[in-house]
Amino acid sequence: LKMNAPDQSEMFVLPEGKKKVEVEEDKKVPNACKYTIYLEDHTLGNILRMQLLRDNAVLFAGYRMPHPLENKMEVKVQTDGSKTPSEAVGGAVSCLKEEFSSLGQNFKRELESFHKRGGQLQQISMQQDIFKTLY
Amino acid sequence: MATEELPPHLEEMRTRVVVQSKSVDHAAGMDVADAFQSLGVDSSFSMEKFRNNFRIHVISSTEEELVFDMIGVDAPIANAFRRILIAEAPTMAIEKVFITNNTSILQDEVLAHRLGLIPLRVDPRKFDLREEGDEPTDRNTLIFKLHVQCERNPNGEESGTKPYSNDDVLSQHLLWEPQGNQAEVLALDPPEPVHPDILIAKLRPGQEIDVECHCEKGIGKTHAKWSPVATAAYRLLPAIDIVEEVVGDEARELVAKCPMKVFDIEDIGEGRERAVVVRPRDCSVCRECIRDAKFSRKVKVTRIRNHFIFSIESTGALSPKVLFGEAVKVLIDKCLRIKGQVEDIIAKR
């Protein structure tokens with residue numbers, strides 16, 4: 001048994017009675033909430049923050065991991081009133097899920113067509129192709 | 001799409017990361033909803049915009065390495081995939097080693113450590129995670145046996161070979177022992193180490209290693225032995241512009257400077273030559289071409305912010321294209337778990 005090392009299961013298993021997402025309303029600022037998400041880290045935090053910032057109704061969005069030894073993450077969201085912060089977060093997560101589903105399907109399709117082409121990609125046409133898709 | 005076109009310097013700020021010889025400008029993305037709002041440009045997110053702009057191009061795909069382009073996503077998403085591939089895609093690796101006899105020079109714990117790091121060709125999707133306190137079953141554990149004894153070979157010295165046999169313990173000596181119904185389920189692709197020639201230990205006559213290894217499913221976050229990739233990495237596509245024409249001798253100098261042969265000479269008639277960019281993808285951003293003052297005005301090295309060149313190198317358990325599919329699944333799972341909880345919170349209000 002290691003002396004100060006935390007239990008391995010703390011990384012994956014929510015302790016009894018704890019919910020994965022906890023909310024705390026901000027009493028000083030209108031339409032602002034702080035969400036504490038357990039067992040998540042920068043992988044989800046950064047993309048959630050990015051997606052929230054792309055929403056017109058969101059005034060403030062930021063995330064942090066309070067301490068690297070504790071496996072939890074905080075997301076602070078403030079909206080302009082047209083949505084509640086929880087709706088903004090819910091919407092962001094739904095958008096992300098759809099983005100990833102479409103990304104996954106796109107990848108599968110492209111892989112199939114790559115193999116059908118015999119696994120070759122013309123160097124020249126690729127250059128033209130790529131510059132065309134810029135924004 | 002932008003309702004109004006941005007002026008060129010803002011467009012560059014939005015889409016390119018500019019690499020100067022002593023700094024990197026505009027590294028952070030500006031993909032927020034209200035950036036450029038005063039100019040009348042709407043950059044908020046829409047699924048349709050994403051679907052139109054998103055592309056994937058596979059550059060090369062082998063059993064070991066997959067190189068592909070992901071265009072139209074941002075750095076946090078690319079980084080999320082990289083982090084998941086390294087740390088959260090599950091594999092099988094030797095976790096518990098039961099040592100019956102180890103008279104070799106390697107200590108027990110060193111031998112067990114080395115055994116854990118051996119990559120195994122097993123499909124982790126066929127197995128369950130074994131949690132603390134769970135009994136080992138044929139659904140969550142694989143058993144490998146390793147029994148090697150080094151013997152003296154009295155004829156060796158005469159015939160010119162070594163005077164002992166079985167002195168190298170290789171990964172090919174790990175033999176799978178099917179338990180329960182594993183023999184039927186895994187009949188088509190029996191578990192084995194990916195490389196048969198990994199040297200585990202060296203023995204001399206009289207030394208013996210007799211161990212039983214239990215493999216379990218895990219993820220890279222717990223221990224690096226469970227990481228399914230040698231590494232997964234990405235870089236941005238370089239885009240090099242020659243803003244002022246570089247002709248004659250200067251052109252030849254520029255072409256010679258680049259170690260990755262990004263530039264080449266083009267004949268523009270009347271014996272005059274100029275430098276052109278032919279292989280921007282190969283640029284390793286060493287900045288040799290802009291180090292010299294005479295070129296730093298004329299050559300601009302930038303990177304396209306939403307174009308990622310991903311390279312996934314697998315250790316052999318799963319092929320890299322399958323791995324990427326698994327990473328997407330893990331990410332979608334994460335989103336769904338959060339979504340369920342947030343919807344509960346909204347409903348309580």
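Over which ring does the charged end of B:Lys225 sit? The charged end sits over the ring of B:Trp226, 4.7 Å from the ring's centre. For a charge to count as over a ring, NZ of Lys or CZ of Arg has to be within 6 Å of the ring centre and within 35 degrees of the ring normal.

## Ground rules

This is a predicted model, where local features need pLDDT of at least 70 and side-chain atom pairs count only at pLDDT 80 or more, while totals for chains, interfaces and linings use all residues. Residues are numbered from 1 along each chain as its sequence is written, chains are lettered from A and ligands numbered from 1 in the order in which they are written, and side-chain values use heavy atoms, with hydrogens and water left out.

## Chain A in brief

Chain A has three helices and four strands, and along the sequence they run β-β-α-β-β-α-α. (Helices are DSSP runs of H or I with at least four residues, strands are runs of E with at least two, and both are numbered from the N terminus.)

Of the 135 residues in chain A, 42% are buried. Buried means under 20% relative accessible area, exposed means over 50%, and partly exposed is in between, using a 1.4 Å probe and protein chains only.

## Aromatic rings

Across all chains, the whole structure holds ten aromatic pairs. One of them is B:Phe50 with B:Phe54: the ring centres are 5.2 Å apart and the planes are at 20 degrees, so this pair is stacked. Rings of Phe, Tyr and Trp (its six-membered ring) pair if their centres lie within 6.5 Å; planes under 30 degrees apart are stacked, over 60 edge-to-face, and the rest tilted. Both B:Phe50 and B:Phe54 are buried.

Then there's a tilted pair, B:Phe81 and B:Phe324, with 5.0 Å from centre to centre and 40 degrees between the planes. This pair links distant parts of the chain, since B:Phe81 is in helix α3 (residues 75-87) of chain B and B:Phe324 is in helix α10 (residues 320-348) of chain B, 243 residues apart. B:Phe81 is buried, because its relative accessible area is 0%, and B:Phe324 is buried at 0% too. The two also belong to one aromatic cluster, whose members include A:Phe100, A:Phe107 and B:Tyr234.

## Around B:Arg130

B:Arg130 is in the loop between β6 (120-121) and β7 (142-149) of chain B. Is B:Arg130 buried or exposed? B:Arg130 counts as buried, because its relative accessibility is 19%.

The side chain of B:Arg130 makes a polar contact of 2.9 Å with the side chain of B:Glu216. A polar atom of the B:Arg130 side chain also lies 3.2 Å from the backbone oxygen of B:Asp134. (A polar contact is a pair of N or O atoms within 3.5 Å; within protein, one must be able to donate a hydrogen and the other to accept it, and residues adjacent in sequence count only if both atoms are side-chain atoms.)

## Salt bridges

How many salt bridges are there over all chains? The count is 40, where a salt bridge is a side-chain nitrogen of Lys or Arg within 4 Å of a carboxyl oxygen of Asp or Glu. In one of them, B:Lys300 joins B:Glu12, with the closest N and O atoms 2.5 Å apart. That pair links distant parts of the chain: B:Lys300 is in strand β18 (residues 299-314) of chain B and B:Glu12 is in helix α1 (residues 8-15) of chain B, 288 residues apart.
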